Amino acid sequence: MDIQLKRGSLDVCVLASLLNEDSYGYKIIQSLSPVMDISESTLYPILRRLESNGCLTSYSVEHNGRLRKFYSITDDGREKIREYLLDFKELMKIYEYIAEEIKK
Amino acid sequence: MKRNEYLETLRRELESRNIEEIEDILSYFEEMISDRVENGESEEEVIVSLGSAKKIVDSLFGSSDKEKQIKYKETEVLDDIYTGVRKIDLQVNTYHIEFIADDTDAVRVEFDEDEYTSLKITRNNDVLKIEQEDSVKGFDQLFTSLSKLFVGKVSSHRAKIFLPENEILDMHISDVNGDLDIHNIVAGEIFIETINGDMEIERCRCGKMKIKSVNGDADMKDIVLEGSFRGESVNGDFDIDMLKCEDIDIHTVNGDVDILVDGSRRDADIRIHKIMKDTNISGEGRIRLHIDTVSGDIDWDFSR
């Protein structure tokens, strides 16, 4: 898959994994693993980027004597998902057009 | 290798590359290791699967191998060719162009290139023409249009154009998908035509400015305009923050218009022709407003 296409989708996938509850790094990777293989070092820059864009916020929670960083989606994050779905719809139209032309 | 030893190697690798957010990265990986161990993996296993510290830092910040880093091709010593330029004629497709004010009196261009794309620079009297040459025409354009739709932003190539601080140049730019950053520039006139490229124009001073855009948004901050501004767009938004301007004339079908004119010394005549969407205007001083709209909201706010 093209790297740029994948990058945009990854961001939105990470945001989507936070839609129903706040989550932390390891758990995000686990919940995305059926859809895509995402490594720790791939996830880190995505989280940083999304946080600096205001799409998510983070806070630390104590767990077994250490800190665990939780991420929480913001309204901007939800908006980003919505935009992505709209863009995707546009792209599907193009896809259908191409598929249609191939069939002819 | 044990966890602490591994994290220490990672720290040294990060330090060797002058990376700022070291603690943040270390605590992130420490948490990852702890969580994976808590879920039944052995420390050794986790460390092996994370890969070497170098590999991690490479994937976070790009390879440290020199030949793999983006190389800017610097034009040869061309002072005699690029001095005395009065006009820049730029025609690009996918390049993300950054205009930078420089304290020399020559124009300098730095760009990265690959086998498919490059910039061609020619000079005709006092006009410097910079064109993007695609060896695979069409493909690049289709690819970027598609990926732009899909992921939002794509600018695969970057170029920096250094402009002399004390020379006043005219800039004519025709662009397809690449974004434009114009910062701290003093120019005679700036004309931009773009399809999808977004424009960020900040702290610039110029005589006249004209922007025609289909989908590209124009974000303008701290602009001093001696003359008029004219903007035309289909979907592109205009977010305009002017320190001074003569007249503003905007025609848009679907773009949002947001205008703030601050301390304009002269009377400004603002005309907006819109079909849909909202308009916000605020300002100070005496401003004549002329707005035609079919179905948009209009908000205005003048301090005086």
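These questions and answers walk through a predicted model with chains A and B.

Q: In what order do the elements of chain A run from the N terminus on?
A: The secondary structure of chain A comes to 4 helices and 3 strands. Buried residues make up 37% of its 104 residues. From the N terminus on, the order is α-β-α-α-β-β-α.

Q: Which strands stand at the edges of the open sheet in chain A?
A: The sheet has 3 strands in the order β1-β3-β2, with antiparallel pairing. Each edge strand has a single partner, so one side of each is left without a neighbour in the sheet. The edge strands are β1 (23-24) and β2 (56-63) of chain A.

Q: Which residue of β3(A) stands opposite S23(A)?
A: Strand β1(A) is joined to β3 (residues 66-73) of chain A by 2 bridges. The two strands run antiparallel. Opposite S23(A) stands Y71(A).

Q: At about what angle does helix α3 of chain A run to β2(A)?
A: Helix α3 of chain A spans residues 40-52. The helix lies across β2 and β3 of chain A. Its angle to β2(A) is about 120 degrees.

Q: Is N64(A) buried or exposed?
A: N64(A) is found in the loop between β2 and β3 of chain A. Its phi is near 45 degrees, a positive value in a residue other than glycine. Its relative accessible area is 61%. The cut-off for exposed is over 50%, so N64(A) is exposed.

Q: How are the axes of α1(B) and α4(B) set to each other: parallel or oblique?
A: Two packed helices are described by the angle between their axes and the distance between the axes. Helix α1 (residues 3-16) of chain B and helix α4 (residues 53-61) of chain B have axes that come within 9 Å. They cross at roughly 45 degrees. The two helices are therefore oblique.

Q: What residue classes make up the contact of α1(B) with α4(B)?
A: The crossing of α1(B) and α4(B) is right-handed. Helix α1(B) contributes Y6(B), T9(B), L10(B), E13(B) and L14(B), while α4(B) contributes A53(B), K54(B), I56(B), V57(B) and F61(B). By class, the contact has 7 nonpolar, 1 polar and 2 charged residues.

Q: Against which helices do the buried residues of α4(B) pack?
A: The buried residues of α4(B) are A53(B), I56(B), V57(B), D58(B) and L60(B). Their partners include a helix of chain A. They pack against α3 of chain A together with α1, α2 (22-38) and α3 (43-50) of chain B.

Q: Which side chains of β17(B) point to one face and are buried?
A: Strand β17 (residues 257-261) of chain B has side chains that alternate.

Q: Which residue stands opposite L260(B) of β17(B)?
A: Strand β15 (residues 238-244) of chain B is joined to β17(B) by 5 bridges. The two strands run parallel. The residue opposite L260(B) is D241(B).

Q: What does R203(B) count as at 42% relative accessibility?
A: R203(B) lies in the loop between β11 (199-202) and β12 (205-213) of chain B. Its phi is near 45 degrees, a positive value in a residue other than glycine. At 42% relative accessibility, R203(B) counts as partly exposed.

Notes: Residues are numbered from 1 along each chain as its sequence is written. Chains are lettered from A and ligands numbered from 1 in the order in which they are written. This is a predicted model: local features need pLDDT of at least 70, side-chain atom pairs count only at pLDDT 80 or more; totals for chains, interfaces and linings use all residues. Side-chain values use heavy atoms; hydrogens and water are left out. Axes are lines fitted to C-alpha atoms, for helices over the stretch in contact, and angles run from 0 to 180 degrees between N-to-C directions. Angles under 35 degrees count as roughly parallel, over 145 as roughly antiparallel, 65 to 115 as roughly perpendicular and the rest as oblique. A crossing is left-handed if the near helix is turned anticlockwise from the far one by less than a right angle, and right-handed if clockwise. Contact means heavy atoms within 4.5 Å. Ala, Val, Leu, Ile, Met, Phe, Trp, Tyr, Cys and Pro count as nonpolar, Asp, Glu, Lys and Arg as charged, and the others, Gly among them, as polar. Two strands pair if DSSP finds at least two bridges between them. Buried means under 20% relative accessible area, exposed over 50%, partly exposed in between (1.4 Å probe, protein chains only).
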